[in-house]
Amino acid sequence: TAIDKLTWKDRLPGYFINVSSILFMFGLTFSAVFGVIVYRITVSALMAMSPDPETKSNVRVTVTATAVIINLVVILILDEIYGAVAVWLTELEIPKTETNFEERLILKAFLLKFMNAYAPIFYVAFFKGRFAGRPGNYVYVFNDYRMEECAPGGCLIELCIQLSIIMLGKQLIQNNIFEIGIPKLKKLVRALKDKGSAETEKEEERPPQQWNLDHALAPFEGLTPEYMEMIIQFGFVSLFVASFPLAPLFALLNNVIEIRLDAKKFVTELRRPVAIRAKDIGIWYNILSGMGKFSVIINAFVISFTSDFIPRLVYQYMYSQTGTMHGFIDHTLSHFNVSNFKPGTAPQNSGDITVCRYKDMRAPLAFVILFQNLVMFLSLVVAWVIPDVPKTIMEQLKREKKLLVDVFLREEKEKFQLIQSLFAKDTTLQPGSHTLQPGQGPPIPGRYSTLPPGPTQAGDGGGGPRARCRAASFSQFTRKNPSTLPRNENENSRHTAV
């Protein structure tokens, strides 16, 4: 019977749905971020118009804290949705093998969760305040609200607050509370469903067996969620470590706690996983390697664009007359003539002010290229100086290979000596065989055959075909009585005869 196979035409609808769905979810993530931006703009404007002076003084802190909490809640909700959608999209592709299915699922889930977790942080780091405009040409949202800007000190502090709250909240709520709470809730639901069967067993007074208790636990769903937690945490630690240097410390403390929670979960809440052999961690290694290289570029942009580290160094060593930071603020401000305001956009109660100042320091791009190449070069140097395999282990591996080669050569030599002795014995035992001349050794077998070359036929003048000699057989020697063997036999032939 013919077996129907899926062609590219059969898989094309699944691929089209995959691509369109992923793009739609990217747009959903950007829409959530834009919604939080609108919230920040409107709340800032409303609080700035408040007559309460205390409310006006706490506008930035209040708006930043509430916006980050909203971002965290949206991230937690979309993470659960994206995980289920990634499974559904992967099933539409109908992968050929389980390994292929797992790799495609991991790639989709990583792309969606990466965009969901880091989109608000990328906005604060690289986009906030970049499109606000300048005096006389500000950018407005909905024609009424001006686009938000960074604080006078820059967006680095706000980036640090955003990263710390999202990272700690995501690890505490999703990685710890959900991992313990959700299995317990599932276990409670199963216990309520099995309440009737449990009462029946109680009436029969049969003690519960261990396999029945283990079957009541939640099924093991693989290590993909555990790997995904570590990958997202690695992104928080490596991508924006220049803005939040305490991120590795908090990640370490979280991992110490999560080790115990995972141990309790695997022992008491989940069924025993089925062991599967794997040569490596699969696609996770490529993701980690890519994020490590990407983090170099991101940190370079954070240092040069988001912080004032490079402008301060440039001013101190190139423009400062005293070699100090005195006059740095004035150096970063640009001038704007108030008369250039468009009608209706000039600030009220400006008085006799004719010129205003605003921050207009350009970010250096050369530092990004220099930083990236320097870090890449240093990583190559470190990889060359510190090899993956220590020198002592390399020497032991070479010694082991040498010993194996010596053993193989010794075995081949013994086999060759055994074959020579067998052919010599066969020649002496067969009547009418070619007699060896004095001083002539046994015939050496050819390269591709163990048969000795036969003697030439008489009358051919040495040029005729050789007579094929009968091959020696181990059985013909085993039938012989060992006592009848010649005394001058070597140990190999005696051992074969026995």
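## Basis of the model

Local features in this predicted model need pLDDT of at least 70, side-chain atom pairs count only at pLDDT 80 or more, and totals for chains, interfaces and linings use all residues. Residues are numbered from 1 along each chain as its sequence is written, and side-chain values use heavy atoms, with hydrogens and water left out.

## Helix α4

Helix α4 covers residues 98-127, where helices are DSSP runs of H or I with at least four residues, strands are runs of E with at least two, and both are numbered from the N terminus. Its 30 residues reach 41 Å from the first C-alpha to the last, close to the 44 Å expected at 1.5 Å a residue (that is, 1.5 Å times one less than the number of residues).

At Tyr-118 the helix α4 bends by about 45°, with Pro-120 following within four residues; the bend is the angle between axes fitted to the seven residues ending at a residue and the seven starting there. After α4 comes Gly-129, whose phi is positive, near 85°.

## Residues 15-39 and 59-85

Residues 15-39 are 100% helix and 0% strand, with end C-alpha atoms 36 Å apart. Residues 59-85 are likewise 100% helix and 0% strand, and their end C-alpha atoms lie 38 Å apart.

## Two partly exposed residues

Asn-340 lies in the loop between β5 (333-337) and β6 (355-359), and counts as partly exposed because its relative accessibility is 48% (buried means under 20% relative accessible area, exposed over 50%, partly exposed in between, with a 1.4 Å probe and protein chains only). Leu-378, found in helix α13 (residues 366-385), is partly exposed too, with a relative accessible area of 45%.
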